[in-house]
Amino acid sequence: MTPASLKTSSGHTKLKQHGPTTWSAAYTRTATDGPAKFLLLSDVHFDSVKCDRDRLKRHLDEAVAKDAAVFCFGDWFDLMQGMYDPRRSYSGLRPEYKSITYLDDVINDSIEFLQPYADRWLFMGRGNHETNIEKRLSTSPIDRLCQGMGGIVSPGSYSGWIKIQITRYESASLVPMLMHFHHGYGGNAPRSKGVLNVDLDQKEWPDADVIVSGHTHQKWHVPMTVERIGQHMALREETVHHVKLGSYKMLDRFAGWEVEKGFAQPRLGGWWMDVHLTRIRTDGKEQINHRTIFTEAH
C-alpha cells in the first residue's frame, strides 16, 4: 500500500492506495480558498511525432499557475515503433529516438519533460499502448516512468476508482467525490463519438459522481441527472458527469495507422475539473455538498 504522508512544496499530497484499483486524495479548503482544481488528461502519446507538445506544455504550465493537480488516465506513451509492433513505421519515429535503446530513450525523455510538474502529478494510469509493451517486452513503462519522476505520482491501473475527499476547514465537514476511470474500450465510433456508452457506463458504475475515459481520442462532456436516496430515506437529485478526455495526438492525413482506419480529426487537449463546496439548506438543516464544473482545456 502507498502511504499518504508524502507532501510536496506545492501542497499536493500523494494518493493513498487502498487496493489494486482504488485510491483517495485528501484536500482541506477554507471558505476563501476557492475550488480544488484538477487537470485530467488521456492519450498524450508523448513520443509520437504527432504529439502536440506545445499545447501540452501550455496546459501543464497553466496547471502550475492554477495550482491544479494532474491526472493522466493512460497512453502517456505512444511506443509503436519498437520490435514486434505491427503498427511501427520508421517515418513515425522522432529523430532523438533512433537508437538501439529506443524504449529507454523515450522513458528518460518523458522523465526530463515531466520533472517541473512532478510535485503536482498525482496519477499516471495505464492505457493500451503501455499494456502492449508489458505483454510484448515484459517491462512496465509506466512503473519505470513513475520511479524516475519521483515526487508524488502513483502508477495506476487501466480502470479503477479515485475518491477525492474535501474537508471544509471551518466546520470539519468531509465531502467525498467519487470518480471512476477507465482508459477506454471499443472503436472510434465516428458517428456517435461513443456517447451511446453513457447509459451503459451509468449502469455499470452507479455510485460514481464523475466517470472519465479515453482511448478513442473523442472529446465530450455529458452531464446526467440521477435520483439517489440517503440513509434516512430522503430522495435527492445529483449530477453525474460523463467525460471523454480527448488526446494530444494530431492526425496524420498522409498515411499510417489512423488515417487507414478512418479516424476523424481529434479535438485536442484535456479537461479542467473544479470541485466547489456548496451549502445546501433543506428543512432548516444545512449540508455541505460538492459541485463539479468541467471546462475544456484547448
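Trainee: How many cavities of 30 Å³ or more does the count come to?

Mentor: This is a predicted model, in which local features need pLDDT of at least 70 and side-chain atom pairs count only at pLDDT 80 or more, while totals for chains, interfaces and linings use all residues. Residues are numbered from 1 along each chain as its sequence is written, and side-chain values use heavy atoms, with hydrogens and water left out. A cavity is a set of points, on a 1 Å grid over the protein atoms alone, where a 1.4 Å probe fits but cannot get out. By this rule, the cavities of 30 Å³ or more number two.

Trainee: Which strands each supply at least two residues of the lining of the second largest cavity?

Mentor: About 30 Å³ of space lies in this second largest cavity, and among the residues lining it are H180, F181, H182, I211, V212 and S213. Strands are DSSP runs of E with at least two residues, numbered from the N terminus. Those that each supply at least two lining residues are β8 (173-182) and β9.

Trainee: Which word describes how α2 lies to α4?

Mentor: The axes of α2 (residues 102-114) and α4 (residues 141-149), which are lines fitted to C-alpha atoms over the stretch in contact, come within 9 Å and cross at roughly 40 degrees. Angles under 35 degrees count as roughly parallel, over 145 as roughly antiparallel, 65 to 115 as roughly perpendicular and the rest as oblique. Therefore the word for α2 relative to α4 is oblique.

Key:
Axes are lines fitted to C-alpha atoms, for helices over the stretch in contact, and angles run from 0 to 180 degrees between N-to-C directions. Helices (H or I, at least four residues) and strands (E, at least two) are DSSP runs, numbered from the N terminus. On a 1 Å grid over the protein atoms alone, a cavity is a set of points where a 1.4 Å probe fits but cannot get out, and a pocket is an open set with protein on both sides within 12 Å along at least five of seven lines; lining residues have an atom within 4 Å of a point. Grid points are joined across faces, edges and corners, and a volume is the space filled by probe spheres set on the points.
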